[in-house]
Amino acid sequence: MDKPELIPIHIMGKRYLVPPSLTIQKAMEYAGYTLVRGCGCRGGFCGACATVYRLGSDYKLRIGLACQTVVEPEMYLAQIPSFPARRPQYRLEELKPTLGQLLALYPELMRCLSCGTCTKACPQNLDVRDYMAAAMRGDIAAVADKSFDCIMCGLCTARCPAEEVQYNIAILCRRLYGRYLAPRSRHLIERVAEVEAGQYDEALAAMKRMPVEELRKQYNARDIEPE
Amino acid sequence: MPYPPSMQESLALVEATRPQRLHETFPMLSPSEKQDLLRRFHPDYIQAAMREIRVGPNKGDRTPLELAALLEGPSRLYGVRLDLGRVDYDTDVLVIGGGGAGCSAAILAEEHGAKVLIATKLRLGDANTMMAQGGIQAADKPNDSPMLHYLDVMGGGGYVNDPDLVEALVRDAPGVILWLENLGVMFDKEPDGTMRTIHGGGTCRRRMHSARDYTGAEIMRTLRDEVRSRPAIEVLEFSPALELLLDESGQVAGAVLQNLETEEYLVVRAKTVVIATGGSGRLHYQGFATTNHYGATGDGLVMAYRVGARLSFIDTMQYHPTGAAYPEQIVGLLVTEKVRGLGAQVLNVQGKQFVFPRETRDAESAAIIREVKERGLGVRTPSGMEGVWLDSPMIDIIHGPGTVQRELPAMVRQFARFNIDITKEPMLVYPTLHYQNGGVAIRPDGSTGVLNLFVAGEASGGVHGRNRLMGNSLLDVVVYGRRAGRAAAERAKEVRLGRLTLAHVEEWERARRNAGLEDGMPSPLVLPRYARRAREA
């Protein structure tokens, strides 16, 4: 096979030649970096590798996750491995799922200009502006739903002219929703009570004593619940 | 990059056979067929990929070559002069690792009165927990029971699991779901609160709880936020542990960390230590791609082994049947088992089924390897990799339009980044290194054979036997994180520590020399060696 042409990219101001099929992350390793910051799950889930880049002479700033974005010729890139975002101290069990609560913890919430810079910055393509609008209305369930796929990379916050901490507001709303607003699960609460009352102790002890042959027989004879 | 012309012919066959296949169920393997398949095609059975360990508590046991080299390696602190009298951090409980098990352990230890330090190699939450997509098992439905869950775990693990550990796993499961919910985890539910649960490979009841296909991420970010809510838990990021510390009586008494940025060593004195360092997929056993996060290098196994902890089931790894095989940029990336749980079939180059889609992971993987390697019915990609189809478009046909987008948003997004629409086109997959089935042998409270040392999560061994079921690792990290954290805090109340020592590092080196080992790569590994050095041979 022919060796593919290498392309030039610029990592934090230094020029390197790398194969064009690589992700930004693998291109940095190809260039010789041992990544310490800016590398986590390598699969688009953890938000460690938020990257800002520009192409050639284009003024437009672009964003991406280094583990998911393929390099392009004349890419100028830098990573945002950590950002000094504020997170107030709170104990979830002492909070209420209300707008007043959000404002008490994040008084800057109402400074949001709805400019949409956050939405443009989101590598998950979330409509961050939209969930911030829901937060300003105190619609915690909507924030929880619309922000659910957030990986907390912090690019929204890094780019926000109003100094909002969108992703921290979002996780607060999701936790408030999960604890206070989501419908409770009756079958779960009942099962936990049964376990705590020791209702399964004897049967489990019997299974632990069971010879492997008997276990195998029972396993192979299980009836499988239909789809 | 949509599928290239070379793959289009096979793609057309997948579409052509789909209407017929919607009404077909491929038969499950019989127990004897399954045994035969595993023996012939599962990577655990490739003798040349394993060898005996030559020194330490598991001397004579077999493990993959890559892990054996690290377990036998010299300490990174051998020959380093450290003033252990200067203690940088003094704590009750030191938790090594900031994933699901580490955070759960820290929270429970704090609740039981301990001052806690979490030391983690990367960021808090950079862990395989974050990447788990499909779900978490718990027998909380009326038609289910902890006994049925027990049966599934034992059968899936080959009946060699530690029964006491399995019992604790299934008994704690419903309580763990409730605990997570009270911390704010958003599980998928019906409007009346009933949990929306599905099957996983090897389950007899639909007991897989999910949070879309970000289940692990949802649990991890919630646990992380809770850790940050508790001032009695201090967190040190980018500070991996390199070696455990003992005191002169031989009990565990802390660890030596290294600040990855300044390279400074840090001495932590701790009354108890919880190792929650996760797995070792980044060792790339047998050259397999992996689903694991960057830090999964088995550091905790190495450190525990050096102070005399015994490892169990370290000759068995889990290969997830469906890692991405195309496009090249995401090869090895996890394609969640939930795709098969929702009804997608697995197909060869002719668009035909060759295995029941929800066999246990070991069998499903072996069947795919057989289809490609022995029968030659894989689909070849332009880079030369081979895989089989996972027919995701079936899901919307079975459950209604919009199901894939609603249930699998992470998968849709991952593939859309490369212009593949999985609601309309199948994914190409091949087994990928996913999970370390074994680890440090533990008791139901997370304790080990070494005094003051606890282990939880993927770094431990015995819960899953020789094969873990989907949805039991998220469960494992929380169940055993909580158990180990609680036990470590209680034990810390009794411990009196003497003078700190690294004498075991000297002893280890003597034992290595006595076993005829001279050189070797210093371990733990800490970071995978991915950097290309153009001028090095």
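Helix α9 of chain B, which spans residues 299–306, is mostly covered, for 8 of its 8 residues are buried, where a residue is called buried if 20 or more other C-beta atoms, placed from the backbone, lie within 10 Å of its own, exposed if there are 12 or fewer, and partly exposed in between. The buried residues of α9(B) are Asp299(B), Gly300(B), Leu301(B), Val302(B), Met303(B), Ala304(B), Tyr305(B) and Arg306(B), and just after α9(B) the residue Gly308(B) takes a positive phi of about 100°. The model is a predicted one, in which local features need pLDDT of at least 70 and side-chain atom pairs count only at pLDDT 80 or more, while totals for chains, interfaces and linings use all residues. Residues are numbered from 1 along each chain as its sequence is written, and chains are lettered from A and ligands numbered from 1 in the order in which they are written.

Chain B as a whole has 16 helices and 21 strands, these being DSSP runs numbered from the N terminus (helices are H or I with at least four residues, strands are E with at least two). Of the 537 residues of chain B, 62% count as buried. The radius of gyration of chain B, taken over C-alpha atoms, is 23 Å, which agrees with the value near 24 Å that a compact globule of 537 residues would have under the rule of 2.2 Å times the number of residues to the power 0.38. The C-alpha atoms of chain B fill a box of roughly 75 × 60 × 45 Å along the principal axes. Among the contacts in chain B with a separation of 6 or more, 75% come from residues 24 or more positions apart, a contact being a pair of residues whose C-beta atoms, placed from the backbone, lie within 7 Å.

Between the chains, 64 residues of chain A are in contact with 69 residues of chain B. On the side of chain A that touches chain B, at least two residues each are supplied by α1 (24–30), α7 (166–181), α8 (186–196), α9 (201–209) and α10 (212–220) of chain A.

Definitions and conventions:
Two residues are in contact if their C-beta atoms, placed from the backbone, lie within 7 Å.
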